[in-house]
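This briefing covers one protein chain, shown below, and describes its fold, surface and side-chain contacts.

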Amino acid sequence: MPPPGGFEAVKYKRNLPFRGPSALVILGGVTAVCAYGFYRVGKGNLQKRELQREKVWSRIHLVPLLLAEGDRDAYRRQQAALAREREIMKDVPGWEAGKSVYNNPNHRSSETIVVI
């Protein structure tokens with residue numbers, strides 16, 4: 001016979017725990033993260049392009065200074081070489097320092113123009 005008050009109820013309902021956010025919420029989160037990442041990449045590309053432009057213009061503005069410095073250095077080296085040649089060849093009669101050793105008027109050594 002059944003106990004007084006009856007048998008306790010049979011638990012047939014599933015008691016599953018909450019399994020996390022739905023697929024739609026995950027899709028929305030991934031979309032938001034990707035959109036923010038593309039936004040940051042775009043801003044980074046703009047900044048990189050601006051830095052590249054600035055570097056190019058700084059080099060363009062430095063070219064005259066570097067050319068002038070190179071010209072002054074070449075002139076100083078040429079004058080030092082002439083002074084060394086005069087010192088070495090001072091005992092040789094008829095020697096002209098800086099004159100071409102080639103007796104052909106068609107041969108011309110490279111000349112640099114120095115503007116001071």
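The chain exposes about 11600 Å², and carbon and sulfur atoms supply 61% of that area; accessible areas come from the Shrake-Rupley method with a 1.4 Å probe, and for residues only the protein chains shown count as cover. This is a predicted model, in which local features need pLDDT of at least 70, side-chain atom pairs count only at pLDDT 80 or more, and totals for chains, interfaces and linings use all residues. Residues are numbered from 1 along each chain as its sequence is written, and side-chain values use heavy atoms, with hydrogens and water left out.

**Fold and burial**

- The secondary structure comes to one helix and zero strands, where helices (H or I, at least four residues) and strands (E, at least two) are DSSP runs numbered from the N terminus.
- Of the 116 residues in the chain, 1% are buried; buried means under 20% relative accessible area, exposed means over 50%, and partly exposed lies in between (1.4 Å probe, protein chains only).

**Helix H1**

- The 66 residues of H1 should span 98 Å at 1.5 Å a residue, and the end C-alpha atoms are 91 Å apart, which agrees; the expected span is 1.5 Å times one less than the number of residues.
- At Leu62, H1 bends by about 35°, and a proline, Pro64, follows within four residues. The bend at a residue is the angle between axes fitted to the seven residues ending there and the seven starting there.

**Salt bridges**

- Side chains of opposite charge can pair when their charged atoms come close.
- The count comes to four salt bridges, each defined as a side-chain nitrogen of Lys or Arg within 4 Å of a carboxyl oxygen of Asp or Glu.
- Asp73 forms a salt bridge with Arg77, with the closest N and O atoms 3.1 Å apart. These two residues are four apart in helix H1, so about one helical turn separates Asp73 from Arg77.
- Asp73 is partly exposed at 29% relative accessibility, whereas Arg77 is exposed, with a relative accessible area of 53%.
- A network of salt bridges links Asp73, Arg76 and Arg77.
- Glu87 forms a salt bridge with Lys90, where the closest N and O atoms are 2.9 Å apart. Glu87 and Lys90 are both exposed.

**Aromatic pair**

- The structure holds one aromatic pair. The ring centres of Tyr36 and Tyr39 are 6.4 Å apart and the planes stand at 35°, so the pair is tilted.
- Rings of Phe, Tyr and Trp (its six-membered ring) pair if their centres lie within 6.5 Å; planes under 30 degrees apart count as stacked, over 60 as edge-to-face and the rest as tilted.
- Tyr36 and Tyr39 are three residues apart in helix H1, so about one helical turn separates them. Tyr39 counts as partly exposed, at 48% relative accessibility.

**Segment after H1**

- Val92, Trp95, Val101 and Tyr102 form a nonpolar patch on the surface, with about 400 Å² of accessible area together.
- Patches are made of residues with over 30% relative accessible area and no salt bridge; like charges are joined within 9 Å, and nonpolar side chains (Val, Leu, Ile, Met, Phe, Trp, Tyr) within 5 Å.
- Trp95 is placed in the segment after helix H1 (23-88) and counts as partly exposed, at 36% relative accessibility.
- Gly98 lies in the segment after H1 and is exposed, with a relative accessible area of 51%.
- From C-alpha to C-alpha, Gly98 and Ala83 are 9.3 Å apart in space, and they are 15 residues apart in sequence.
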